[in-house]
Each structure stands twice: as structure tokens, then as C-alpha cells.
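The following exercises concern a two-chain protein model. Please work through each task before reading its solution.

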Amino acid sequence: MANYKGNYKKADKTILEETFDYKDLDLTFANIEAILGSNSDFIYRRIFIRNNRDVETSVIYIDGMVNTQLISDFVMKPLMQSEQFDTCSSELDAIKIIDEGTIYYADTRKRTNINDVLDDVLTGSVAVIFNKQQTAFTFETKGFDKRSITQPTTENVIKGAKDSFVETIRANTATCRRKIKSPNLVIEETIVGKQTKTPIAICYMKNIANDSLVQEVKKRVNDISVDNVITASYFESFLVDNKATPFPQIMYTERPDRFCSNLLDGRVGLIVDGMPIAFIAPGTLLQFVQAPEDYSQHYLVSSTIRYTRFTSMFITLLLPAFYISITTFHQEMIPTELTFSIVAAKQGVPFPMFVEVLLMLIAFELLVEAGLRLPFIIGQTVSIVGALVVGQAAVEAKLLSPATVIIVATTAITSFIMPSQDLSNALRLWRFGLAIVSSIIGMYGLTMGLFLLIYQWCKLDTFGIPYLSPFIGDDKIQLQDSLFRLPLTTMKQRPASLDVKNKQRMK
Amino acid sequence: MEAIMKKLLKLSILFILFFMLTSCSQLMSNRSEIDRIFNTRIIAIDKLDENKVLYTITTKTAVSGSQDKQGSSTSSEILVSEGATVFEAARNMAAYAYKRPHYGHTEFIIFGEDTAKDGILQYLDFISRNQEFRYNAKLYIVQGDSASSFIKKVATGNIFLADRLAIIEDNSFALSKSGKVTLAEALFIFSKDNVSTFLPVLFIVPSKSGEDSAKGAYDINLKSYAIFKEDKLYAFLDEKLSRGVNWVKNRIQSSTILVDAPDKKKVSMDIIQNKTSIKPYLDENGLQCTISIKFNSNIAETISKEDIFNKEGLDYLKQQQEDQVKKEVEKILSYAQEKNMDIFGIVSNFSIKYPMMKNELRENWPKLFPEIKFNVEVDSKINRTYLINESATSK
């Protein structure tokens, strides 16, 4: 006991910086109770096998994480009632009998290290501890409540699969296995997060994905040295190359079909326990503009929509800045009749055009944020109030001109067309920047701002693949599925920029 | 951290280069709110006595949609100023103008008759030099009035003057008796030796139509050209001569020709297509030029009771319309030769065909032009007679 107390204090000191490590402690019930005993969900029972006072054992588990029915039927019952234990006179005999398979249970592990036992118990196993022998058996009896697979909330499609990822990693990997029934699908698991001990599954097609890409992803995942992996940004920021740019460099999806089709293209997927989304590396700009719906419609329809989406991307980015430029610096660029309409709308409004646009943009951002944070029902009220206050009352009070409201509304609508919220957020930031430079020196500033943006895009690469691929580089194959989507029958090869092992997708 | 600082430094250097090396000393000098500028639509330039220029600009009063519903008529704003030159007059406005004049939307530049007689090139220098003006602004001459007074007289109508002019200009194709000449075209012709230009002429008559006639409003007419010797107004052409100019210059889009049916009743022909080509050539008889005109027409209206929709009838009409066009063209050609004014730019046609003679042509053109033998060839086709083969007057 004295030994344990000393060690415990030592461990306590470093617990925040390092992962928990009690390797100096003996594997005994007392030690485990000292570590976990203060928790209300820590349950233990001390039992004598077949009522033999010489063979004492402790059964421990975390309530809520396990299926107690399984424990009672398959662990406790054999220990108490199986006649095979009648012969054992010591703990050593009991261990031997269990080892031989008397308690038949699919996932049984023999542990001699206290750390392993703690890991198992905390992930939903029950442990049977033999104090004198410092040995334990753990049985995987996970039985916590989990959300069932529901429809995707942000990536809806009309024609396509309706399942989505859930918070449980095993359910997610099983969903993928169901879609790709190939032995080449590799799902490797690793634990990340010193405190959270979050399992992360690295998924890839062993016969397709480029080895160095897989190695790089594995290396980055293993290098993650962070306290917890509960929110996505913790995880993402460790994986991306360039942390200064707001543009997303790793894609996420909540749709297993999208995830799987990316794996089949040769990309590497990551499924994180506790997140109903999966990540796909590398993420290029094109991927954030593609939507799953694109592949479930006729290619002419999809191409038109894809092209509209690209146009919308530039509209949402440039429209406010362009509007400020032409109304403040280059009035001759506006068609004559439109000039008079804008002037008529602007009359009596006290603010310069730039201030008007900026106020509206900020108001719009506030409305979006307010709508996000509030419960669904109150959220609707906010948008109604916002639309009335910003839209109508402000215009009627001559605080804003209707033309500006239309411009910012168009900007907002086009920003919602973006399938990726991450991309939309990055565009939001740049939109403000461009509006500010445009208000200083007009179209010249806008051009320079756009120049910088394109420079940043060109410079960026993720996992060695240019961010603007296939628009830069020599990936002609991927171009078939870029600005327009050609018929799937023409896409016979996998994207060249991924440098996959098996380039041929179909004959 | 150091890497970020380095990046920021690089970025700031880039920004300094972008913004400081633009060679614009005042980057923000052009900045002005859209509701504080005077969006000039029309400029009127008149010569005053004592070598002064009267400079008038006008724009439409901006009325928003909700105000418009109340039925207020479109009003215009006019700013007038004087100065020794156009530029000075334009700048003098700054002393009292309630908005900054902006010329990016100038569509029409109008000169008074007296001013045009004095020469218009001196007034076009500022306009062609200033960066705000557009070269596709159209030039007009006002017949029998000053440009400033023209603007003031017609400013009272329900439609703003510039909008009215734009509509009249768009409709002028139906008559093809006038047309539009842009600043760029006029400056190009003024810069050439031996070529005279022509500009469309506007004149006003008391309104004949509807409510406006009671208010003392005016109709604007656009149906002829004025011709210029160098940059000075030489003469106003009548409607027939003006259409002759358009025939030769291949500017006919549509027009009407009245011909007679065999029973001497009128038949209106609607010209729908035209192609004029000028073929200069040189032989032992000196400079010669063939002007060949090919046009198509429809029968738009007939009050003849005779059946004209057969080969003989159509040939009869065709012959008449060709004769009429030939006469019109010959008339304007002889007029031009008589006045020794090459308004068609025939000299360019010769120079292109005979480049070795370019200098000789240029030096001797005033002597050569009246001596050119013009040969007018007209070919026409009546290609659509519509489905009705009888006149409404025939029983």
C-alpha cells in the first residue's frame, strides 16, 4: 500500500502533461479502486469462485459503458456456477481454467499490466482481477447507448443513399465495409488524445492508394500530440500543411457513400470515434465545390449546376467589393439606366457606400451566427426579425439603400450554394478583406486582392498535391470532373495527381 | 513565429509595391459617392460672343420606384457655365454645381448651328483628351437654334431628352435618312485630308401629338445630315440627299420607296436589305468609280386594283424602284462633285486600290474628285410579297 501511495502522487503530478501511466503500480483491485473508485459509475463486486474462500476475485466495470446482461450471463454466472471451477484451489488454478476457455466469450484478453486493464475498462470491458497473481481477464462487453444511423443533415441528396456516419467508430467502419466488400480495404486503428484516448481509423484501398500518401497520413496522425480529440478543429489543425490560410485543406463528409468513393479514387480516409463525420485527405479546392448530388443526376444537369456553383463562389467572394468599387470609383462602368436606379435608391442615405455594405455584411454574419446558436424554433424568429429589421425597416428609415440590400442578399444566397461550410467560411473572410481594399482604391485594390488570393491558392499544397489541382498541374483526367462533369463512362481513369497504384478505373 | 513575421514582412513589401508604384500620385482622387455626382448624359456646346464658350450639361433627376408611382413626370437637371475654353467652362461649374460633374455616361454631344459654322474641332479637343468621356458618344448638330436653348426647350417633356434621343436614334433605321456618327468616327474623318464628314441634324417643331401639343412642347426630328468642310458646317442636306449619302455609304438598313402600279395607283416598297460596294478603277479615261447597289424589298402596301403579283407586275415595280434609287445616288454624287466635297471617302477607296498613287491622290484630290466618272449600278429584288395577293381596295 505504501508503495502505491507514493507512486500515485508521482503520477498525479504529471497527469496533465502526460498520458496516464501507472506501470509502476501492481495490478491489484486496491490500486484500481484508488484510481477509479471515486467515480460514481465505477462498479465492482468481490466474489469467491464457487464459494471457495481461497479463490477470491474482483469484477469491475464502468456503468453505462457495458451491457450488464452480458456480464451476468457470460462472466458472473460461469464463475459462480460452472462446475469446472470446483477443482480449483487457488487463484492460479482459476486463471488456468479461465485461460483454457471455461468462460467462453469471443473477445477475451489476459492482462498483467494495470494500464491495459484501465484502458479496457474505460472503453467498455469488464475486468476480472486476481489480486495475488496480479493478473486480470477483460471481456469486451460494450453496451453503451448509441445513436442509430439517420439521414445526413447537411449533405442531403434526393437520388442516393440516405445513411450517414454516427458517433460510434465501429458502426462507421462497418458501414464502409458494407459498401466496399473488398479485402483491399484497410482499416487501421490508432489511438490519439492523451486524455480522451480516441480511436481513429485510417482507411484506404491497399491496391489503389499511393503508399507515400498513406504513410504521410499515418505519420501525421501518429504525431498528433494533443490532450483531446473531441472537436474536429483539434484534429484538422494537426493534419494540414498550411495553418495560415483559412481555406480548408482536409475534406469532411457525413456521407459514407462519398467517403467510400473517395477511397476508391485513391484518397485516404479518417474516421474518428465520437464524430459523426469522416475526414478525407488530401482536400483540394475542387473537392469543396463538388457535391454528392452531382453524381446522381444527368451529366448535363450536373455540369450546369457545377458551373453555377463555381460562378457563385466568385460572386459571393467578389460582389460586395465589386459593387463598392463601381459605385465609388468607376461609376462609368455601370449601365446608364442602372446608375440612375442606384442613385435614386441611395438618395437620403447618410452613409458612404462602403459603410453601408460593411454594415449589411456584418448584420448578415450576426444573423447567421445567431441563427446557429439558438434553438431551432427561436432561430426562425431571429431570421424573421433580422429580415424585417435589416431588410425593410432599415431601408424605409433610409439607413440603407435597397440596392445594397439586394447586393448583400445575393452575396448571402450564393454563399449558401457552397456545399462545404469550411470553404464558405474562408470565402467570408476574404470577402471582407476584398471589400476593404476596394473601398480604398477601387478596382485596382480588388484586382490586387484577387491576385493575392490566387497567389495563395497557387502556393498551397496539401499532402504534396497542388490545392488548385487539376486547374494547375498536368492532371488532365481530373479536369473531366472539374468545372463541368463529363459522363461517368468517360472517366475511365483515376485522378492523376493522386499518383495511384492502379490508374484504371474501368475498361 | 519567425516564419510568420517573415511572411508578414514579405506581404507588406508586396503591398507597398502594389500601392506606391502605381504612378498615381493621388490614388483616392477619383473617389466619390454615386449620389454626389452629376451623371452628365448630354453636353451642349455653343459659341458666345467675345470668344466665350457656353457649356451646358444635363442629366435625369433620379426618381426611385416608390416615388415614381405617384405619377410625377421625369424632370431633368441642367447646369450651365461659361468660359474661354470648354475645359475652363467645365471647371467653372465647380463654383456652384451641387454635384461633381461626371462624364462617364455622356451619350450625346450637341452643337448649335452657329457654333458648327465656326468649326467644332476646337471644342472636341477637351472631350477627346479627358479620360471620362467615351468615344462612342454621338455628335449632333441643331438646326436653327443653339444647343443650349434646344436642351432647355425639350427638357419639359415626359421623357428625359437623352432617353428620347436614344429612342429616336434607334428608330432612325426605319427611314435611313439620317444615322448616328460617333465621336471616334468624326475625329477619324476630321484627321483625314480631302475627306468631308457629315453629322446628323436635329431640329424641333411644335409637338403635333397628344397632350404635349397643348403644353407648347416640341417634337424632335432626326431625318437629315449636315455636311462639313473641314470642321466647319457647310450645308444642311435635304432628306433625299441625306438618304443618298446613306445609299453610297452602305448605311441603309430599311427605308420606303413609293412606286406606281400600272394603273398609276401607289405601291409602297419596304427596303429590307442593302449592300453597296464602291469599285474604283483607273483607265485611259481617268479615274472612274462604279457604285453598285444591291437591295431587296417587300411590298408593304398597295392600293392598286390591278394584279401586280405576277412577273410582269413585279418587274414593273422593280424597274421603278431601281430608277428611283439610281436617281437619288446620282443626285448626291453630282452635288458632292459640284461642291468638291468628298463626303463618301472615295479617296480612301482609290488609295487602297492603287497604293503607289497615294501621295499623288492626296495632293491632287481637290482637282481629281470633281472629274471622277461615276457609274451607278442598281440591282434589286422584290423578294417577299406576303400571302395576300390582292389589294384591300380590290373587290
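**Exercise 1.** In which helix of chain B is B:Leu8 found?

Solution. B:Leu8 lies in helix H1 of chain B, which covers residues 2-20; helices are DSSP runs of H or I with at least four residues, numbered from the N terminus. The model is predicted: local features need pLDDT of at least 70, side-chain atom pairs count only at pLDDT 80 or more, and totals for chains, interfaces and linings use all residues. Residues are numbered from 1 along each chain as its sequence is written, chains are lettered from A in the order in which they are written, and side-chain values use heavy atoms, without hydrogens and water.

**Exercise 2.** Classify the accessibility of B:Leu8 and state which nonpolar surface patch includes B:Leu8.

Solution. Step 1: the relative accessibility of B:Leu8 is 47%, so this residue counts as partly exposed (buried is under 20%, exposed over 50%, partly exposed in between, with a 1.4 Å probe and protein chains only). Step 2: together with B:Met1, B:Ile4, B:Met5, B:Leu11 and B:Leu14, B:Leu8 makes a nonpolar surface patch of about 600 Å² (residues with over 30% relative accessible area and no salt bridge, nonpolar side chains being joined within 5 Å and like charges within 9 Å; areas come from the Shrake-Rupley method with a 1.4 Å probe).

**Exercise 3.** Describe the contact of chain A with chain B.

Solution. Step 1: chain A contributes 29 residues and chain B 30 residues (heavy atoms within 4.5 Å). Step 2: four salt bridges are counted between chain A and chain B (a Lys or Arg side-chain nitrogen within 4 Å of an Asp or Glu carboxyl oxygen). One of them pairs B:Asp35 with A:Lys346, with the closest N and O atoms 4.0 Å apart. Step 3: on the side of chain A that touches chain B, H16(A) gives the most, with ten residues.

Notes:
Helix = DSSP H or I, 4+ residues; strand = E, 2+ residues; numbered from the N terminus.
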